[in-house]
Amino acid sequence: MGRRSWVGAGLGAALVGAVGVGLLVAPAGASAAPPLPPVSPEDLVSSVMTAQRGPFAGEVEVDNALGLPAVPGVPQLADGTSTVRVWSGGEDRGRVAIPSPDGERTLVSDGTTRWAYDSRDRTATRAPAGDHGGPPEGQQQDPTAAATQAIATLRQTSTVAVDGTAEVAGRAVYQLVLTPQPTERTLLREVRVAVDAETRQPLQLTVLAQGQGEPALRVGFSEITYGPQDPSLFTFTPPPGTTVRDAPARDGEQRPEGDRPRSTVGDGWDTVVIGQAPQPGDGRPRDGQDGQDQRPEGAPDLSALGQPVSGPWGSGRVITTAVATVIVTDDGRIAAGAVPQQVLTEALAR
Amino acid sequence: MTTVSASAPPASRASTRSVAPLGRLAAAEIRWVLRRPRTLVLLGLLALVPIALGVGIALTGGPGDGDGPGLVAAVAGNGLVLPIAALGLALSLLLPLTVATAAADALAGEAAHGTLRGLLLAPVGRVRLVVMKAAGVLTVAVLAVLVVAVVGVLTGLVVVGGPSGTMITLSGTTLGLGEALGRVALVAGWTIVQLLAIAAVALAVSAFTEHPLVVLAAVLGGLIVFGVLAAVPSLEWLQPLLLTSGWTAGADALRDPLPLDGLASSTGRALVYVVLGAAVTVWQMRRRDG
């Protein structure tokens with residue numbers, strides 16, 4: 001055994017390590033844009049609206065850099081990457097698994113009943129499937145006309161284009177890109193939707209903010225398989241030892257929404273929504289913080305977020321994220337929009 | 001005279017026995033390892049992990065709603081989760097300690113006693129020596145995991161009990177006994193591979209030193225350092241390199257349908273550690289002379 005062979009063995013080991021680590025670390029490959037026949041934005045949107053939604057299974061990756069304050073109980077909202085597993089059986093049947101390191105939240109819809117199961121406290125919440133919003137209004141209209149109309153409305157404030165092709169979750173996709181007109185005062189730079197070229201199913205949504213190279217939000221499939229799914233995925237039987245609850249009626253949640261005076265200032269990308277801040281004792285669950293809203297100190301908790309600001313419109317606190325700004329004024333108004341702070345203060349001063 | 005007659009064809013015997021069969025070497029090493037009191041004591045202590053966990057949960061009804069360490073909370077009234085939770089708990093420190101002890105004794109311990117010199121001088125190739133020593137460590141790793149898994153299944157079924165021999169997954173589905181045992185076996189196999197990664201690194205350290213304590217300190221210190229590195233947000237890019245960052249995948253076995261991504265990638269990562277550790281061990285043992 002000469003020294004040479006030891007060196008060789010060492011180099012071999014280093015090579016194995018480098019290759020192995022490289023295989024593990026390497027991202028799933030940025031591949032070349034697949035060649036696809038050109039398509040106009042109108043055709044693309046109308047084909048998305050008419051497409052048959054077949055059954056599929058996949059993994060959705062949420063890559064979040066919105067800079068939201070951490071909300072307990074909803075780890076998916078905090079900055080970072082999380083993965084959600086999704087199965088769809090078509091006909092309003094589906095299953096979503098939101099894993100956490102030591103538990104899982106499972107949502108199952110069998111077409112008539114929606115179940116939400118939380119493994120941490122072993123509770124299953126049941127709700128009838130019907131009252132979760134009506135069917136999309138676009139379905140009643142002629143999809144082509146609806147798509148043309150939608151794009152015409154968008155074109156008043158944005159540039160709509162099909163920006164080439166790409167590959168998402170191993171599928172060839174068209175990239176539909178919405179860019180705000182230069183006159184729009186918004187924090188957003190671009191919104192991209194990747195649409196599967198074959199099935200015309202949207203596969204990925206990317207939101208890019210001004211002055212940021214990395215997307216502020218990217219939600220999309222990292223893996224998708226079309227095809228029939230095991231029907232047992234879309235049924236749910238509460239396991240023994242589970243607390244089964246019926247979800248509270250939804251109209252209780254919606255009524256305060258309607259009562260509250262709400263106005264919008266501006267249109268397009270720099271729309272500002274002005275509303276009333278939820279008052280303590282509203283009984284409306286906020287931000288998943290159970291019990292927070294029962295306390296009279298609920299309001300100070302909300303105002304503890306953000307930075308204090310003041311101006312001719314009054315004073316309050318501003319919460320800034322990568323894609324949106326919210327001002328909560330001391331007199332209980334809320335102004336929010338995908339706009340810089342100045343646009344909000346102008347809207348409040350109006 | 002009898003010796004002469006017994007060894008009638010000395011030349012042929014010398015040629016056939018010039019290389020001792022590897023199986024016999026490994027068997028001798030395994031017998032030697034399993035006769036060590038510290039190995040037996042460690043295995044016995046590992047058997048206490050699922051028992052303590054199961055008895056504690058059966059007596060107290062498990063941690064309160066949602067505030068326990070996740071998987072342990074899932075054990076209450078769901079006995080077949082116990083082996084998986086116990087393996088997860090033991091994998092964080094106790095199982096690595098067990099294999100590190102075996103690996104420390106295998107080379108550094110022999111060197112400390114001065115017996116490694118005899119092995120190095122014996123007509124056994126250095127690679128065969130490493131394979132024989134690795135067989136001993138492998139046996140300890142497999143036995144340790146099996147002890148926790150088997151005692152966990154028994155304790156889970158007898159002490160904690162469950163809904164008629166079934167397992168409730170984190171996804172809220174119910175698995176039959178056969179599939180539940182399959183899931184336990186999957187986690188046990190996965191844990192063995194993770195332990196082999198630690199054992200390979202521990203053997204490599206063991207090949208460089210003659211102080212067994214150095215091996216223990218290196219392995220346990222390394223695990224703690226990995227835990228610290230994984231907790232630093234700005235070092236997130238390091239995560240795919242850290243062995244410990246894949247260890248949350250053990251809980252994936254309790255999801256339904258079973259996601260294999262995490263288990264597969266952490267197994268791949270562990271195999272890289274195994275190859276690197278084994279290569280360094282062989283390389284160092286070929287040049288070691290005392």
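**Conventions.** I number residues from 1 along each chain as its sequence is written, with chains lettered from A and ligands numbered from 1 in the order in which they are written. Because the model is predicted, local features need pLDDT of at least 70, side-chain atom pairs count only at pLDDT 80 or more, and totals for chains, interfaces and linings use all residues; side-chain values use heavy atoms, with hydrogens and water left out.

**Confidence.** I looked up pLDDT, the predictor's confidence in each residue, from 0 to 100. Chain B has a mean of 86, and 89% of its residues reach 70 or more. Within chain B, helix α10 (residues 177-208) has the highest confidence, at 94, and helix α1 (residues 2-6) the lowest, at a mean of 44. Residues 1-15 of chain B are below 50, and this stretch has one contact in the model beyond near neighbours in sequence. Contact here means heavy atoms within 4.5 Å. Helices (H or I, at least four residues) and strands (E, at least two) are DSSP runs, numbered from the N terminus.

Chain A averages 77, with 75% of the residues scoring at least 70. I noted residues 251-258 of chain A, where pLDDT stays under 50 and the model has four contacts beyond four places in sequence. Residues 281-300 of chain A are also below 50, but have 21 contacts beyond near neighbours in sequence.

**Annotated spans.** I took the "transmembrane region" annotation from the unreviewed UniProt entry: residues 40-59, 71-95, 135-160, 180-206, 213-232 and 263-283 of chain B. UniProt positions are in the numbering used here, feature names are shortened, and annotations may be inferred rather than shown by experiment. I checked two of these spans in the model. Residues 213-232 of chain B are 95% helix and 0% strand, with the end C-alpha atoms 28 Å apart. Residues 71-95 of chain B are 72% helix and 0% strand, and their end C-alpha atoms are 18 Å apart.

**Interface.** I then turned to where the chains meet. The contact takes 35 residues from chain A and 38 residues from chain B. The buried area (accessible area, 1.4 Å probe, that two parts lose on being put together, summed over both) is about 2600 Å², with 61% from carbon and sulfur atoms.

I found a count of one salt bridge between the chains, a side-chain nitrogen of Lys or Arg within 4 Å of a carboxyl oxygen of Asp or Glu. The pair is B:Arg255 and A:Glu104, with the closest N and O atoms 3.0 Å apart. On chain B, the elements giving two or more residues to the side that touches chain A are α5 (70-75) and α12 (261-287). Helix α12(B) gives the most, 11 residues.

**A pair within chain A.** A:Arg105 is in strand β4 (residues 103-110) and A:Asp118 in strand β5 (residues 113-118) of chain A, 13 residues apart.

**Backbone.** Most residues other than glycine have a negative phi, and most peptide bonds are trans. I logged two exceptions. A:Arg122 has a positive phi, near 50°, and is in the loop between β5 and β6 (123-128) of chain A. B:Asp256 and B:Pro257 are joined by a cis peptide bond with omega of about -5°. B:Pro257 is in the loop between α11 (212-231) and α12 of chain B.
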